[in-house]
2 protein chains.
Amino acid sequence: MTYRAPINDILLSLNHGAGLAAAVEAGHYGDFDGDITAAVLEEAGKFASDVLAPLNRVGDEHGIKLDNGKVTTAPGWPDAYHRWTAAGWNAVSGPEAFGGQGLPLAVNAACTEIWSASNVAFGLCPLLTLSAIEALDAHGSAELKKTYLEKLVTGEWTGTMQLTEPNAGSDVGALRTRAERAPDGTYRIKGTKIFITYGEHDMTDNIVHFVLARLPDAPSGTKGISLFLVPKFLVNADGSLGERNDIHASGVEHKLGMHASPTCTMTMGDKGGAIGYLIGEENQGMRCMFTMMNQARLGVGLEGVGIADRAYQQALAYAQERRQGKAIGHKGDGMDPIIVHPDVKRMLMQMRSMTAAARTICYATAVALDVSVRARDAKVRAEAAARGALLTPIAKAFSTDIGNEVAYLGVQIHGGMGFIEETGAAQHYRDARITSIYEGTNGIQSIDLVTRKLGANGGASVWALLDELAAVIKQVETSNDPAFGTTGAKLRDAHAALERTSKWLLERLASAPNEALAGATPYLRLFAATLGGCMLAGEALAAKANGEAEPQRYVALARFFAENIAVQAPSLEKTVTESAEAVTGADAVLAG
Amino acid sequence: MTYRAPINDILLSLNHGAGLAAAVEAGHYGDFDGDITAAVLEEAGKFASDVLAPLNRVGDEHGIKLDNGKVTTAPGWPDAYHRWTAAGWNAVSGPEAFGGQGLPLAVNAACTEIWSASNVAFGLCPLLTLSAIEALDAHGSAELKKTYLEKLVTGEWTGTMQLTEPNAGSDVGALRTRAERAPDGTYRIKGTKIFITYGEHDMTDNIVHFVLARLPDAPSGTKGISLFLVPKFLVNADGSLGERNDIHASGVEHKLGMHASPTCTMTMGDKGGAIGYLIGEENQGMRCMFTMMNQARLGVGLEGVGIADRAYQQALAYAQERRQGKAIGHKGDGMDPIIVHPDVKRMLMQMRSMTAAARTICYATAVALDVSVRARDAKVRAEAAARGALLTPIAKAFSTDIGNEVAYLGVQIHGGMGFIEETGAAQHYRDARITSIYEGTNGIQSIDLVTRKLGANGGASVWALLDELAAVIKQVETSNDPAFGTTGAKLRDAHAALERTSKWLLERLASAPNEALAGATPYLRLFAATLGGCMLAGEALAAKANGEAEPQRYVALARFFAENIAVQAPSLEKTVTESAEAVTGADAVLAG
């Protein structure tokens, strides 16, 4: 079956759960007209359903082929990419000075969800290009921008991000790729990078690689890393393509999922060194990477949301159609669709509510990142930057965790058919698996949340957010809508658990950091369960207030999440605060 | 890396957690000498490491091929199967009158874990044969037993179980395969079965199919189903193979995992009808199936345990070897193995403790099934039968749920390498996925637990078990071993939650059955978290009491489980008892 973008859910989430409408109203988005969002998303949804969704299985089955350094993508893929860029989709949030439409990241975030839902392996390519654009726009010289930025913004050329080496994964500082200064001010890069997404392909004429490397006299660790732009083909002064640069794909990986996306080993320096151009300053490469990391991590979170929604749509359709057994009270012959069975309903509601919560967390991250650069008031910008920094690891890790969980349930609802590849449910399950690993594993995200985001400012960002969530909980409680069930109570318990746990972690960060780190993963889950629960409740309240069609649907969804997911908060609190010794003292068990 | 059977852990679990030693001591196992268990398992572990484990990836990569109705298994597989049966491994728990060794199911359960851990797609074949043996032994005529039983017990021939049809999966009663009476007392079977595991292969000369079908005058639904023995080759009076029967594999599935295990579409009746022999009485096929279901479900649970242990061993080895980052307080250059990081320790402990809990739940189920047929005292047998019936759905569903969760974490610990197929971590993840679906989905298991096992006898089986668990908790509390941390308190909370939730469900089963069904899945998890926690604590106490080497390792393991898994019990209680309306009222959300 195909994919249909859930435009109403997306708009409610974006405008109300994530706060886009309020930020526009407050003037933080300048002259952006929020009314166009719906039209943009409708068009994106149409393109996704018509062009990208049908290529999803083709890509999975066909995969890619590497022959003599050239990668061939699946049939129909280059054409789809050309149509996608021609329609302007790569340029949605790109800088207007370089051919972009300058729309909010938040709007592009919704688009990213839509591309990911329809065809995640396709959508991954422009995600990398967006990161490249961000790095170049923020740190590149005027000349480099002139030559490369517009091509990247339009998508005529794609970008790659080259960090990982066999001995430098989560520990980027260990990388060994060498850069030597050439007399003409350029650099010669030699080394090998692995796991390079879309490092080589046949969808565009040129590929612009962004490579982290180390100068001969660089300090060790992350302080000695520089960022270089390394084009596949050098670019002549008139903008035409020149010589082939000394960088090529020497291998591609055989992966569990994302078969259509080439994951390349890139070799530089077979012929003396790839020509590279410095981005920013020497030894400042990590700083350049950090500026773009928020958006890249958010992009991966949106992949999780997209895969989850696709898996949900497919499982829902199956559950409405497949007949087995009878509902309690069914008289007479025949079987009922399995959606009548409470256990199937539970699975579907779990899928839908977790997807909705992750969606709003991601969109709220995008709104914060937008406001952090768009708002006129410096204080508003600073607060938004802190909010964006806080939410980013949650958006990435929670959304990709639930992407996997939802895809798992999607297979389960299909029963035995779910295990058969032709059904398609298994592809979502396989594709989702990388999202909790790449762009910083979810363990790294949790540690980032605890040490840098909670710990860095004594918890100030967390307290500010908790205040806002408390206001939503109060609204739920005072709404007196019996359809909320125990939502208010569950969220209040979760809120209190999150506050206490945050304080406990802050104390331990100072006194016993390993104990704080031991609780990082359950803390992130506790955070997301509370945050997501409050956001869905806020959306339900907004749906009621705004006269949304059938607002009670959103109340029921928020209630399910509160009573099934947010309800785990007190247990998660105990896991963080009472099991640290069981973790740090694990050595004897693991040795035996 | 290869697999090593964790003999010490298995023996502690079997003898103490699962209660084999006490049952032997009480005389329930007749003259079985418990001392031989260790020797049997050592040999099984050796065979698994030397022969089966190396074929696991070969099987995954090569898969199977269907050509003209013939299935070719992966290179080395037929030879391994012959060596395995020649060594007597198929006959471990088979009836002695027919060439079996008559060892306890509990010992064979440990062996099944070992085969599944080393090579789950291989171990799946004899699991089906064991079910066939059970059906034939319990319900077959003397003549059928004489012809087929010994061949099945030795494994010279394999068995299949043929229930599923395109429109009859969880709802077996909907099957349409027809059986017509022939004048000679045999039957002619016509129809198509799907998802038939090892329905066709090249490892043995003959295959004995056990097929559910419907007579022309049969009542509708499950009351009109009969069980037939349908050999691939008919057997002559002298035991030699005769004509090819009218049953063949017309297709094989392309699956997410278990690539080496052929999953066949079986067609009967192209040439007038396959010759079938009735097992038991006409229209009593479901009764025959039910007698063997416990053991088959337990077998699948053990697949979950096996895959989990294999994934754990592989992840542990990787975490000890792979270096990234530094431990807190590490001075100087170089990186530490990732096992120093608390987040990695947590994942490994989660993997190990969940595996250990599932293992003991499975073994305890096997002990109960043993005692239910071996004990001399009828009351002891009846109580054991009730215990076995209660534990079976938990053993099946929890073990396969955690098999998937542990395999997920195994991939996660490998980082990017986990997504690369050559690493092998992804295979465990793919293979595990079917275990929570086949032999009754885990949703079906949960419903069985609530309606038939809890509900059938007013909760008597549950109260009896809760009493035993309370005694263990008391022992933990009175042990005054500070290494238990908050284990006693966590288990006490879990125990109380399980008791209250069981009562709530019993009440709702009568007053509002859909609300009880809505909580079935979280209830099973709550049950397993409590039961597994108490069992691991009991093992730790036994290890201390028996002078086990390093007993504190088992205390630490029990503590981790209590503080990280059993701690979820109070939240799961609320999910069951307070979210039923959110589930049963989901229709409006799911329709929109």
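## A first look at the model

According to UniProt, in an unreviewed entry, residues 283–448 of chain A carry the annotation "domain: Acyl-CoA dehydrogenase/oxidase C-terminal"; such annotations may be inferred rather than shown by experiment, and feature names are shortened, with positions in the numbering used here. This is a predicted model, in which local features need pLDDT of at least 70 and side-chain atom pairs count only at pLDDT 80 or more, while totals for chains, interfaces and linings use all residues. Residues are numbered from 1 along each chain as its sequence is written, chains are lettered from A and ligands numbered from 1 in the order in which they are written, and side-chain values use heavy atoms, leaving out hydrogens and water.

**Confidence**
- Chain A has a mean pLDDT (the predictor's confidence in each residue, from 0 to 100) of 97, and 100% of its residues reach 70 or more.
- The model's scores are ipTM 0.98 and pTM 0.98.

**Regions of chain A**
- Residues 283–448 of chain A are 73% helix and 0% strand, with end C-alpha atoms 23 Å apart; helices (H or I, at least four residues) and strands (E, at least two) are DSSP runs, numbered from the N terminus.
- UniProt also places "domain: Acyl-CoA oxidase/dehydrogenase middle" (unreviewed entry) at residues 161–268 of chain A.
- That span, residues 161–268 of chain A, is 0% helix and 45% strand, and its end C-alpha atoms lie 14 Å apart.

**Helices meeting in chain A**
- Helix α1 (residues 7–17) and helix α16 (residues 520–545) of chain A have axes that come within 9 Å and cross at roughly 100°; axes are lines fitted to C-alpha atoms, for helices over the stretch in contact, and angles run from 0 to 180 degrees between N-to-C directions.
- α1(A) is therefore roughly perpendicular to α16(A), a term for angles of 65 to 115 degrees.
- Leu12(A), Ser13(A), His16(A) and Gly17(A) of α1(A) meet Met535(A), Glu539(A), Ala542(A) and Ala543(A) of α16(A), where contact means heavy atoms within 4.5 Å.

**Helices meeting in chain B**
- In chain B, the axes of helix α10 (residues 378–413) and helix α16 (residues 520–545) come within 10 Å, crossing at roughly 90°.
- Among the residues making this contact are Leu390(B) and Phe398(B) of α10(B) and Phe527(B) and Leu531(B) of α16(B).

**One strand residue**
- Leu278(B) sits in strand β12 (residues 274–279) of chain B.
- Not counting residues up to four places away in sequence, Leu278(B) touches Leu144(B), Tyr187(B), Ser226(B), Leu227(B) and Phe228(B).

Conventions:
Angles under 35 degrees count as roughly parallel, over 145 as roughly antiparallel, 65 to 115 as roughly perpendicular and the rest as oblique.
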